[in-house]
Amino acid sequence: MLVLLRTGGDDGLTQSLAVAVEKALISSPDFVVPIEGKGVTEATVGTLVVTIPTHVYPRHRRGRTRIVYTVEFGTKDKLIVFRTQGCCWKSSVKKCAKEVLQDAKIAAKTVLFEMEVGPPAIYETKRPR
């Protein structure tokens with residue numbers, strides 16, 4: 001599945017998480033990450049869009065920094081199908097990336113399902129008998 005990674009934060013911690021997530025996605029046989037400047041610039045149908053919407057939140061404890069993040073998974077139509085939160089130590093940002101990769105696989109199944117069946121009904125209506 002084609003996957004695009006976007007980030008809303010430009011600070012060092014957010015960018016380090018984004019780089020780790022990108023490496024995890026590239027190394028996964030389940031996803032194809034287009035090279036920037038070559039290939040896909042706009043998401044196509046069936047593309048999973050992974051977004052780190054804001055800066056990660058740093059929490060400092062005993063001289064160490066903990067990264068608290070939120071990641072959204074969506075479609076090219078900006079429909080969010082899955083949202084996750086997590087945390088890891090700054091020194092082990094690969095752990096966060098591994099968690100995001102596992103969540104991306106779940107979100108990808110949802111996107112594929114919606115391509116085949118259609119989006120899930122948000123509202124149910126009752127019809128008179």
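Trainee: Buried means under 20% relative accessible area, exposed means over 50%, and partly exposed is in between. So is Cys 96 buried or exposed?

Mentor: Buried. This is a predicted model, and in it Cys 96 has 0% relative accessibility. That value is under 20%, so Cys 96 counts as buried.

Trainee: Which residue does Cys 96 join in a disulfide?

Mentor: Cys 88. The S to S distance is 2.0 Å. A disulfide is a covalent bond between the sulfur atoms of two cysteines.

Trainee: Is Cys 88 buried or exposed?

Mentor: Buried again. Its relative accessible area is 1%.

Trainee: What about handedness? Is the disulfide of Cys 88 and Cys 96 left-handed or right-handed?

Mentor: Left-handed, because the torsion about the S-S bond is about -115°.

Trainee: How far is Cys 87 from the nearest cysteine sulfur?

Mentor: That sulfur belongs to Cys 96, and it is 6.9 Å away. The cut-off for a disulfide is 2.5 Å, so Cys 87 is in no disulfide. Cys 87 is partly exposed, with a relative accessible area of 28%.

Trainee: How many disulfides in total, then?

Mentor: One.

Trainee: Switching to the core. How many residues does the largest nonpolar core have?

Mentor: It has 28. Those with the most contacts inside it are Leu 17, Leu 25, Phe 31, Leu 48, Tyr 69, Val 71 and Phe 73.

Trainee: Take Leu 17. What does Leu 17 touch, leaving out residues up to four places away in sequence?

Mentor: Five residues: Ile 52, Val 56, Tyr 69, Val 93 and Cys 96. Cys 96 is the one you asked about, joined to Cys 88.

Trainee: What's around Val 100, beyond neighbours within four places in sequence?

Mentor: Val 21, Tyr 69, Val 71 and Phe 73 are in contact with Val 100. Val 100 lies in helix α2. It is buried, with a relative accessible area of 2%.

Trainee: How far apart are the C-alpha atoms of Val 100 and Leu 17?

Mentor: They are separated by 10.0 Å. Along the chain, the two residues are 83 residues apart.

Trainee: Where is Thr 14 found?

Mentor: In helix α1, residues 12-27.

Trainee: Is Thr 14 buried or exposed?

Mentor: Buried, at a relative accessible area of 0%. Beyond residues up to four places away in sequence, Thr 14 touches Thr 7, Gly 9, Ile 52, Thr 54, His 55 and Val 56.

Trainee: On to charges. How many salt bridges does the structure hold?

Mentor: Three. Side chains of opposite charge can pair when their charged atoms come close.

Trainee: Which residue does Lys 105 form a salt bridge with?

Mentor: Asp 30. The closest N and O atoms are 3.5 Å apart. Lys 105 lies in helix α2 and Asp 30 in the loop between α1 and β2, so the pair ties together parts that are 75 residues apart in sequence. Lys 105 is partly exposed at 35%, and Asp 30 is partly exposed at 39%.

Trainee: What about Glu 72? Which side chain does it meet in a salt bridge?

Mentor: That of Arg 83, at 3.0 Å, N to O. Glu 72 is in strand β4 and Arg 83 in strand β5, so this pair ties together parts eleven residues apart in sequence. Glu 72 counts as buried, at 17% relative accessibility.

Trainee: And which partner does Glu 99 have in a salt bridge?

Mentor: Lys 95, at 2.9 Å, N to O. Glu 99 and Lys 95 are four residues apart in helix α2, so about one helical turn separates them. Glu 99 is partly exposed at 24%, and Lys 95 is partly exposed at 43%.

Trainee: Last topic, backbone. What is the phi of Arg 62?

Mentor: Positive, about 50°, although Arg 62 is not a glycine. Most residues other than glycine have a negative phi.

Trainee: Where does Arg 62 lie?

Mentor: In the loop between β3 (57-61) and β4. Arg 62 counts as exposed, at 88% relative accessibility.

Notes
Residues are numbered from 1 along each chain as its sequence is written. This is a predicted model: local features need pLDDT of at least 70, side-chain atom pairs count only at pLDDT 80 or more; totals for chains, interfaces and linings use all residues. Side-chain values use heavy atoms; hydrogens and water are left out. Buried means under 20% relative accessible area, exposed over 50%, partly exposed in between (1.4 Å probe, protein chains only). Helices (H or I, at least four residues) and strands (E, at least two) are DSSP runs, numbered from the N terminus. Contact means heavy atoms within 4.5 Å. A nonpolar core is a set of buried Ala, Val, Leu, Ile, Met, Phe, Trp, Tyr and Cys residues joined through side-chain atoms within 4.5 Å. A salt bridge is a side-chain nitrogen of Lys or Arg within 4 Å of a carboxyl oxygen of Asp or Glu.
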